[in-house]
Each structure stands twice: as structure tokens, then as C-alpha cells.
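Have the viewer open as you read, and follow the pieces one by one.

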Amino acid sequence: MLNHASRLAAFAALGQRLAALTDDELTDIAARARNRNGWFDLSNVRTAIAGIAHQLAEPKLSQWAGHYPAEPAQPRQVGVVMAGNIPLVGFHDMLCVLLSGHTLLAKASKEDTVLMLWIAKELTDIEPAFTERINFVERLNAADAFIATGSDNTARYFEFYFKNKPHLIRRNRTSLGILTGHETAEELAALGPDIFQYYGLGCRNVSKLYVPEGYSFVPLLDALQPWQTVLNHHKYQNNYDYNKSILLVNAVPHFDNGFLLLTEREAPVSPISVVHYSTYTQEIDLLDQLTNVAAQTQCLVSAGGRYPGSFPFGQAQYPGVADYADGIDTMEFLAAEV
């Protein structure tokens, strides 16, 4: 019987399996994923898998699951429209739906089909009873409830299409970094993964910085030099060249270290290879600015996580299992609404 204990044990075993993947296995699955999506290189696939293995590690997995009902009042079919901007971004919804005792109807993104089918197969190899609970489909007509992730435009479509059934809809989000001017070179270097991991395509990538007036960007740009290898990816290089030309043609003031462009703009979301910044005079000014973009913010980062509610530099791409997208508790939704 696929009860809560067996479901939990299966996911814990999946975490152990992912943590024990050999280099050959990782290289193989990453190559297959990259054939479908050129952004999914070995480094990023490895990072995504390591992050999931971390989420599934005991005892934190059991502690997290223990905050929710072990079994649903009535098992339902939950349709999930998955994103595909970074590797395995749809896995957490798969985890929540299955662990809460429901059946998953997944519409995988065409950009991440390879990895999602692969990890589902790994799970069903561990616990064959999940085979009847995991269905990858093109249409979600049979679903009793919906979870969907997309752009602000697609979110409006989802809201209309799913309006008559319980639904959880996520929109565009991005992440922000806070600098004080007192960071060490090591702390500034730690900001690198938050900006460049997944080539900046994730909602947990820092796309805007808040800096004090008069801030010197030279130490930051120097500290980020190890990430110049992003130019080895032709798609990133093309974005960098294009965005640099736009800034130059329009005479927009900016900083440039050869692979990253920094320019002052209010918008929190920036193009690939560009990070926006705004200045603040004192903490109350910073708080006001952050409040204005709170609805678009996935997470904040600061040196050592010293700013309230922020992650330490370098940790944005390693959310815990309870760090829900858009700050909406998926497990609570599945327990209360489905």
C-alpha cells in the first residue's frame, strides 16, 4: 500500500540515489537534456540534481512533511503546468503532489521534458506503486485542481481557464541583492553563483542590486571575474553582445567587466548578461524600494544573510524544501483546497 510512510521513504531513497550518481551517469543525462535545451549544460544539471538531493535529505524531509496531514481527505488528480527555464524546476511540485497523497497529471515544459521524465523513472524504479500516480499528459482536462507556473501573461490565461476549480498560479518573479559597501572580496565573490548560475535564467537568480549612493562597483566586478567562463556558451555570448550594443548605441551609462553589464534601472527584471541596480541613502529608503517590488521578488540575498529575511550570498540557488516559489505554501494548498 502506498501510504505516507512508503511515499516518504521513496523520496528519501531518491535523494540518496541522486547524491550517489556517478560522473558518467551525470554526463549522460546532462547530454540528453542539452540536446533538447542548449542552456542545460553539465554544470547546471549537476547543480540542480545536487539541490534536489539536498532537499530530500533526512531528517529535514521528514520534519517538513510532518507539518502537514499524512493523507488527503480525498485523493485527487492534480494538474501541474511545469516551467522549464532551469533544470528540474518542476520537481518540487511533483514532490508536493505525490507526497501529499494525490495523483500527478504533469504537463512538462518542452524545454525540460528529458530531465522530468528521467527523475520520474528514477522514483518509480524505487517505488513501482508510484507508476499509477504519475502521468505526463498534454491536456489537463481530467484534473480536479491545478498548479501552474508561467509568465504574467500566461498567468492571466491560467486564472481564466482554471477559475472553476482550486488553483495555485505563480507569476514572474526575480531575486534581488543588497550591498552595503562593506563586503569583503570573499563575500562579493560568493554573489557570483546567485547571478550567473543557470546563466541567470532562474527566478532565484539575482537580476537587480541595491547599493548605497556613491558605491564603487570595481571590487564587485573584480570579484566576479572567475565567472567569465559564461562567455563560453554561445547563447550567453550572443546576449551579452546584443545588450552591450543596445547600451552603447543609446548612450546608456553602464559598467562592463567583459561579460556582465551593470546599469541603473528601476525594473527588477533584467535581460541575460545584464544586472540592474538602484541606489539608496539609508535603510528606510532601501526598505521602501524593496516594498515596491515585493510582489515581483522571489528572494533576497545579502552578505552572510545579514539583511532580515535574506539568504547569504551564494545560497539563492539552494532553497530548502520549505522555501516555496512565490512564498505560497504548496503543501498547505494541497491539504486545504484539494
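Predicted model: local features only at pLDDT ≥ 70, side-chain atom pairs only at ≥ 80, totals over all residues.

Strand 2 and strand 3 (residues 134-136) run parallel and are joined by three bridges.

**Around strand 2**
- Strand 2 spans residues 103-107, and four of its five residues are buried, so most of the strand is covered.
- Strand 2 also pairs with strand 1 (residues 77-81), again in the parallel sense, over five bridges.
- Within that pairing, Val-81 has Lys-107 of strand 2 as its bridge partner.
- Strands in a sheet pair through backbone hydrogen bonds, in either a parallel or an antiparallel way.

**Two β-α-β units**
- Strand 1, helix 5 (residues 91-99) and strand 2 together make a right-handed β-α-β unit.
- Strand 2 takes part in another right-handed β-α-β unit, this one with helix 6 (residues 113-126) and strand 3.

- In which order do the seven strands of the open sheet lie? The order is 8-9-10-7-6-11-12, and the pairing is mixed.
- Strand 8 runs antiparallel to strand 9 (residues 261-264), and two bridges join them.
- To find this pairing in the viewer, look for Asp-256, which stands opposite Leu-261 in strand 9.

**Helices lying across the strands**
- Helix 11 (residues 234-249) lies across strand 8, strand 9 and strand 10 (274-280), and runs at about 35° to strand 9.
- Helix 12 (residues 283-292) lies across strand 6 (174-178), strand 7 (206-212), strand 10 and strand 11 (297-302).
- The angle between helix 12 and strand 10 is about 135°.

**The buried side of helix 12**
- Which residues of helix 12 are buried? They are Leu-286, Gln-289 and Leu-290.
- These residues cover an arc of only 100° around the axis, which means that they sit on the same side of helix 12.
- What do the buried residues of helix 12 pack against? Their partners are strand 6, strand 7, strand 10 and strand 11.

Methods
Residues numbered from 1 in each chain as written. Heavy atoms only, no water. Buried < 20%, exposed > 50% of the residue type's maximum accessible area, 1.4 Å probe, protein only. Pairing = 2+ DSSP bridges. Right-handed = clockwise from strand over helix to strand, strands pointing away. Contact = heavy atoms within 4.5 Å. Axes fitted to C-alpha atoms, helices over the stretch in contact; angles between N-to-C directions. Arc of directions from axis to C-beta.
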